[in-house]
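These notebook entries record what I looked up in the structure shown below. I begin with the chain as a whole and then turn to a single residue.

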Amino acid sequence: MNRERITYPLHLIVRPFNGFWDMKYEHERRGNLIAAWVILALLALTMILQSQYSGFLVNFTNPKYLNSLMELMYVVVPVLFWCVANWSLTTLMDGEGKFVEIFMATCFALVPLVLIQFPWIWLSNYITLQETAFYYFSGSIAVVWCLFLLFVGNMTVHQFSPSKTLVTMALTVLAMGFMAFLCLLFFSLVQQIVSFVSTIYQELSLRS
Amino acid sequence: MPKSARLTKLTLVALCCCLCLGVWGGQRAQAAEVSASYMYSFWGEAVAAPAAYQATDLHDGQSLGLGAFKEPNDLYVRADGTIYILDSGNNRVVRLDERLEPIDVIDGFVNGGAQEGFANPQGLFVTETGHLYIADTGNRRVVHLDENDELVKIIDSPESELLQANFVFQPMRLVVDNSERVYVMAAGVFDGFMEFNSDGTFSTFIGANRVYVDPVEYLWKMLATRQQRSQMVMFTPTEFTSLDINEEGFIYATNGDRFGDPIKKLNAQGTDILRREGMDSPMGDLLYTSSTGPSRLIDIDVGDSEMYSVLDAKLGRIFTYNGDGHLMYIFGGLGNRLGEFNTPIAITRSGDDILVLDKALGEITRFQTTEYGRVLNEAVRSYYRGNEAEAAQYFYEAINLNANLEYAYAGIGKAELRQGNYSDAVHYFRQSMDHGNYSKAFQLLRKEVLREHFSVIMSGIVLAVVLLVLVSRYRKMKARKKVVSV
């Protein structure tokens, strides 16, 4: 069983239609959810290591501003945003997917990113400028693969037609932007309230 | 499924935590540390640097005993050190020797028996033989005097089918090349510099700036009616602001372009051949607020070894670049202290010194090199001559004085690369953030290492393959035995 937990994501990325079907209807959910979290953590780890350890020729991160917590955020927040936006939309659009399923499908779709980028962190230290073409090419392959998996995952989880899936995905991106805007608004309002209260407190404490 | 429900909840909680973390992590205090002298790093940040030039003395018309200068516009230094100042408001040219002692004043010339003067002249140029060219703007002509200040010729009212019928010739600045062709920057001309033959006839325009079309402006123009459009500003190429010529006859020009390249090096065909190999192309300040905008380069001076300095009128700073377009040093500024200006208008080199002319105050400030400036100048000269080892020595000294000087590390790296010390070269190119040269050095290093350890690497690979084969056979054998036993 344990062995399958490791091999299953690898099986899924090459057989996405069967893989996502099994994930939704056949498998016990708990094991896959843990696997999804592990994949997300691995991706975050890959990104952090990448900005710290990838080769000089491909690493354009200013070490002065490298913050692992922020790198973690750049991975986790978009994924969760995507899931929330997708879930909110698909509940309105007769999607069959539950939130957990959407989350699992999204995380499983990220496996190619980890699988391809991780070895390149070390390999990129031994390449020349001409060979960076391979680095960028494989990076693009990883992204395309990931998008394809995301598409298939969405389609299977919600039992949508391909065209409806495409529309949903586009709308999801739109909804993500909307959510980001709302979050910014919320936080700036909270900040203002906090500063208002603290100013009043200061005023009172200075006058008494 | 209560367990999975709990996990879902956990997922949501994690989301909220991440959002909070994002807001907290996003606030990062930006320490603004800009010292008096600075450089730009690979990351486009201003970093501290020692001063390369220091203002040593200040001269105005009164201290020279010539009466106050009135809106001087240009100055020029000949190879023998004679300094020419164009005192536009007083319609005269003042000649000083290299120690800034006055020699004489030229305020007119004899033209066909009659004494003539200048009217608000804006630019001047002196050839190696001492011939003086003056852009006599108010009189709409260029005056050419020989070394005894006798009139040689007057260039005025150029005639050509390239010029419009109502064209008014208002020369602003000018340079003369080795074959006595005169290049004039004239007011209201958008087609580039006006080139005159040695006999004073107009031949052609060279080096027009490209038209930049602002997308927003363009949209408005599309929407406007024809009548409205005729009232709007036309899209015209930006005018040049100044020019200089080096000993090889290449024209260096600055323009007021907000977009594109504000500095150009024009060949005889008028094509821009300036090398821009630095982190950013030469443009003055890289960091500026949206209200001040980018530097407005108002004058340029080319020195030896292809070094050139440009003067920013907005903040009074002088930026010096080497021939490859690497920023070397920045100095100057606006203010009231020595070494600061009110309205800087022209710069020129006198040997290694740099003279800056202030228009409103009518003052000349002389800057002399500090040790750092001398070392850096010498490094660039040695490198230009092709003496990389000597250049590396100077670059070593330079990085001892300024560890932020990324460009110097590349200079050392190049010398190390030439000597075959690939691992050192890789190290220095990495320090200088020079990706192209790093890659070259690294490729050679990699080849060297692989060759050196070829036997070890190959035997390692063979051994690994053999081991793998053996292990898989052993496993198969074991599996077969199991099957048999079952």
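**Chain B: overall form**

I counted nine helices and 27 strands in chain B, taking helices (H or I, at least four residues) and strands (E, at least two) as DSSP runs numbered from the N terminus. The radius of gyration of chain B is 31 Å, well over the 23 Å that the globule rule gives for 486 residues, so the chain is more spread out than a compact globule. This radius is taken over C-alpha atoms, and the rule is 2.2 Å times the number of residues to the power 0.38. Along the principal axes, the C-alpha atoms of chain B fill a box of roughly 130 × 65 × 50 Å.

**Basis of the values**

I note that this is a predicted model, in which local features need pLDDT of at least 70 and side-chain atom pairs count only at pLDDT 80 or more, while totals for chains, interfaces and linings use all residues. Residues are numbered from 1 along each chain as its sequence is written, chains are lettered from A and ligands numbered from 1 in the order in which they are written, and side-chain values use heavy atoms, with hydrogens and water left out.

**Burial and contacts**

I found that buried residues make up 47% of the 486 residues in chain B; buried means under 20% relative accessible area (1.4 Å probe, protein chains only).

**B:E195**

I located B:E195 in strand β16, residues 193-196. B:E195 is buried, at a relative accessible area of 9%. Leaving aside residues up to four places away in sequence, its contacts (heavy atoms within 4.5 Å) include B:R181, B:Y183 and B:F202.

Notes
Buried means under 20% relative accessible area, exposed over 50%, partly exposed in between (1.4 Å probe, protein chains only).
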